[in-house]
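Subject: Structure handover and notes

Dear colleague,

My notes on what was found in it follow below.

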Amino acid sequence: HQELNMFREMRVADNMFAGNEIARFGVIDRAAQRKRVREVLSRLQLDVDPDEKMMNLRVGQQQIIEIGKTMLKQKLRVLIMDEPTSSLSNAEVEVLFKLIEDLRSQGVAIIYISHRLASTRFCDRILFLEDGRITEEGTHEELIAQEGIYRSIYEIQMNSDDRELLEQAEFFPLKGGVENGL
């Protein structure tokens, strides 16, 4: 999974507001923060107590909370997601994709980085990189029609039940294997 930007010993609400606390008369308003965090977690369909310590949560829950931090920003214009599905369950991935659609409808630009090509199907534009260079570009449908390396890797990922084969492929270093059901 990707590195998470959190304080493991702190509570969920404190993590989500770290550096952007809600304060009244110079005092942190923890009740207001918990209320706002409950709203965001509800929207993310994550049943976690805002007072729970981060270290007590599963990695997938921690990752969803990291994404939830962005929802606290008032003027979010661009969101960069680097392997956001790496530690998520299939149900959490569905929630993430609903959130992405919601953010897109609000005019938020999303840069989505992934080795799992099935998770890029919703993208308006895909840039396929090899050795740091763009080798293919287009929508998912256009790249599949081109019959290039994007299509080859996509088909391997979608058709293979042999995880070891995928992990050993020189051209495709997997982190965590292939997700089923995307």
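With which residue does Arg125 form a salt bridge, and how far apart are the closest N and O atoms? The partner is Glu137, and the closest N and O atoms of the two are 2.4 Å apart. Because Arg125 sits in the loop between β4 and β5 while Glu137 belongs to strand β6 (residues 133-138), the pair ties together parts that are 12 residues apart in sequence. Arg125 counts as exposed, at 54% relative accessibility, and Glu137 is partly exposed, with a relative accessible area of 38%. Please keep in mind throughout that this is a predicted model.

As for the overall layout, the protein chain has 7 helices and 6 strands, and from the N terminus on these elements follow the order α-β-β-α-α-β-α-β-β-β-α-α-α. Of its 182 residues, 42% count as buried, and the accessible surface of the chain comes to about 11000 Å², with 47% of that belonging to carbon and sulfur atoms. Among contacts with a separation of 6 or more, 56% are accounted for by residues 24 or more positions apart.

Val48, taken as one example, is in contact with Val12, Leu41, Leu57, Gln61 and Ile65, once its neighbours within four places in sequence are left aside.

Gln62, which is found in helix α3, is buried, with a relative accessible area of 4%; not counting residues up to four places away in sequence, Gln62 touches Leu4, Met6, Arg8, Met54, Met55 and Leu57. In α6, the buried residues include Gln157 along with Tyr150, Ile153 and Tyr154, and because these four cover an arc of only 105° around the axis, they lie on the same side of α6.

To return to the charged pairs, a search of the whole structure finds 13 salt bridges. One of them joins Arg58 and Glu92, with the closest N and O atoms 3.2 Å apart; since Arg58 lies in the loop between α2 and α3 and Glu92 in helix α4, this pair ties together parts that are 34 residues apart in sequence. Glu92 counts as buried, at 11% relative accessibility. By contrast, the salt bridge between the side chains of Arg104 and Glu101 (2.9 Å, N to O) is made within helix α4, where the two residues are 3 residues apart, about one turn of the helix. Arg104 is partly exposed at 26%, and Glu101 is likewise partly exposed at 40%. Finally, Arg11, Asp14 and Arg30 are linked in a network of salt bridges.

Val78, which is found in strand β3, counts as partly exposed, at 49% relative accessibility.

Conventions:
Residues numbered from 1 in each chain as written. Predicted model: local features only at pLDDT ≥ 70, side-chain atom pairs only at ≥ 80, totals over all residues. Heavy atoms only, no water. Buried < 20%, exposed > 50% of the residue type's maximum accessible area, 1.4 Å probe, protein only. Contact = heavy atoms within 4.5 Å. Areas by Shrake-Rupley, 256 points an atom, 1.4 Å probe, with all protein chains shown as cover. Arc of directions from axis to C-beta. Salt bridge = Lys/Arg side-chain N within 4 Å of Asp/Glu carboxyl O.
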